[in-house]
Amino acid sequence: ADLTNCRRWITRSDRMGTDPFGQQTVRAMMHPGYQNADYTSPAGPIDPWLSVLSVVSEDDDDPICVMANLSMHYFGGGAFSADYFGEVARQLELRFGTKQSPSSKFVGIMSQGTSGDLHWMDYSNPRQDITRQQYAQRVTDRILNAQASIKHRSDLTLAMEEKRLTIDRRVPSLGRREWARPINAARLDQPPRNRAEVYAQQAEWIHENPTAEVVLQAIRIGELGVTAIPNEVYGITGLKLKRQ
């Protein structure tokens, strides 16, 4: 729980924000800032699970792969990179790579859980002075502690299922499309330059594309279940999946 926090906070009723359509409706916001008095509390629960899957050779127990999963969105910092996911994978490979022959290839994987509203920043307290590498080391330390306690088995059965669902999008009303039409017309072929233009462009696009295909996957390894779902799903969805 010390590695992830809810980044979406509820706005005070007398500090409600204005939405892209000019209405004062905004009751929650991502990244409110540290100890911001305009916000009251996180808008949802965190998913504190750190899950670890370890695969070793049946012949000599040499590590083959360690995969971990944590519901934390990304660390951030402006650089184009694999973020803390890549840092953790690299640290795992440095840790386990020394145990292997040159011909073997250990794979470290850090995967992202349901974290659309979860982030490392704790906005209820003052800002932390921490780097992406330091955060990745904290995550790696927890993974190594968990991996050391795993009892590997060779009698596990495997199964997988995939479903592709066609779902209806929530389409814009006629009034919303009328609001968007002059904004899109004035923008011409230029990309959106502000929030109102983004929403106007999306209103027209969603009207023209009212359905979407969603891919859902479930993998079973013995008694372990691994589920995969697209989009920036909130932490409460992960908690519900794990409970079920």
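Arg187 sits in helix 3, residues 174-187; helices here are DSSP runs of H or I with at least four residues, strands are E runs of at least two, and both are numbered from the N terminus. Before going on: this is a predicted model, where local features need pLDDT of at least 70, side-chain atom pairs count only at pLDDT 80 or more, and totals for chains, interfaces and linings use all residues. Residues are numbered from 1 along each chain as its sequence is written, and side-chain values use heavy atoms, with hydrogens and water left out.

Is Arg187 buried or exposed? Arg187 counts as buried because its relative accessibility is 9%; buried means under 20% relative accessible area, exposed over 50%, and partly exposed in between, with a 1.4 Å probe and protein chains only. Leaving out residues up to four places away in sequence, Arg187 touches Pro192, Arg193, Glu197 and Gln201, where contact means heavy atoms within 4.5 Å. From Arg187 to Trp120 there are 67 residues in sequence and 37 Å in space, C-alpha to C-alpha.

Next, an open sheet of three strands, in the order 5-2-6 with antiparallel pairing. Two strands pair if DSSP finds at least two bridges between them. The edges are strand 5 (28-30) and strand 6 (39-42), each pairing on one side only. Strand 2, residues 8-11, pairs with strand 5 over three bridges, in the antiparallel sense. In that pairing, Arg8 stands opposite Met30 of strand 5.
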